[in-house]
Amino acid sequence: MPVRDRKSAEWVQVFRGSGPTDAYLLRDWLERNGVRATVRGESLMSLRGDVPIMEAWPTVWVPPADRDRAEALITEFHGPSLVHPAWQCPKCGEENAPTFGSCWSCGTDSPHLG
Ligand SMILES: [Zn+2]
């Protein structure tokens with residue numbers, strides 16, 4: 001098997017977040033399952049006003065060889081959200097992904113715990 005060019009520029013985008021945090025959640029999920037993944041676009045988050053909102057959310061990229069595996073994991077990742085929707089922090093009001101055990105913003109425990 002030929003060795004592929006490992007430059008990250010050749011990685012493929014497999015996910016675009018619908019918020020500022022879910023790309024990071026997905027990256028962590030992929031890495032826990034053995035897929036190298038990276039989040040891009042976070043630098044855009046620091047821009048104000050000029051960037052269309054859909055352009056601003058971070059995206060998740062994986063090596064081409066891991067794409068199929070990543071896409072399967074993404075499907076799995078999104079499965080639980082059908083049962084446990086995103087929750088709003090009772091303290092600061094930020095929306096948190098269903099897999100978050102505590103608020104990404106202020107650390108308050110999820111109301112779904114315990
Ligand atoms: Zn909070």
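1. Glycine 101 lies in the segment that follows strand E5 (95–96), where helices (H or I, at least four residues) and strands (E, at least two) are DSSP runs numbered from the N terminus. Glycine 101 counts as exposed because it has 9 C-beta neighbours inside 10 Å; a residue is called exposed if 12 or fewer other C-beta atoms lie within 10 Å of its own, buried if there are 20 or more, and partly exposed in between, with C-beta atoms placed from the backbone. From glycine 101 to proline 111 is 10 residues in sequence and 8.7 Å in space, C-alpha to C-alpha.

2. On the basis of the model: this is a predicted structure, in which local features need pLDDT of at least 70 and side-chain atom pairs count only at pLDDT 80 or more, while totals for chains, interfaces and linings use all residues. Residues are numbered from 1 along each chain as its sequence is written. The pLDDT, which is the predictor's confidence in each residue from 0 to 100, averages 79 over the chain, and 72% of the residues score at least 70.

3. Overall, the chain has three helices and five strands, which follow one another along the sequence as β-α-β-α-β-α-β-β. Of its 114 residues, 21% are buried. Taking contacts (C-beta atoms, placed from the backbone, within 7 Å) with a separation of 6 or more, 51% are between residues 24 or more positions apart.

4. Three strands make up an open sheet in the order E1-E3-E2, with antiparallel pairing, where two strands pair if DSSP finds at least two bridges between them. E1 and E2 are the edge strands, each pairing on one side only, and neighbouring strands are turned by 40 degrees against each other on average, direction ignored.

5. The bridges can be followed residue by residue. E1 and E3 are joined by four bridges; among the partners found in E3 are tryptophan 61 for glutamine 13 and valine 62 for valine 12. E2 and E3 are joined by three bridges, and arginine 40 has threonine 59 of E3 as its bridge partner.

6. Within helix H1 (residues 22–32), the buried residues are Asp22, Ala23, Leu25, Leu26, Arg27 and Leu30, and their cover includes strand E1 (12–16), strand E2 (38–40), E3 and helix H3 (67–78). Just after H1, glycine 34 adopts a positive phi of about 90 degrees.

7. Leaving aside neighbours within four places in sequence, valine 60 is in contact with Val14, Phe15, Ala23, Leu26, Arg27, Ala37 and Val39.

Conventions: Two residues are in contact if their C-beta atoms, placed from the backbone, lie within 7 Å. Axes are lines fitted to C-alpha atoms, for helices over the stretch in contact, and angles run from 0 to 180 degrees between N-to-C directions.
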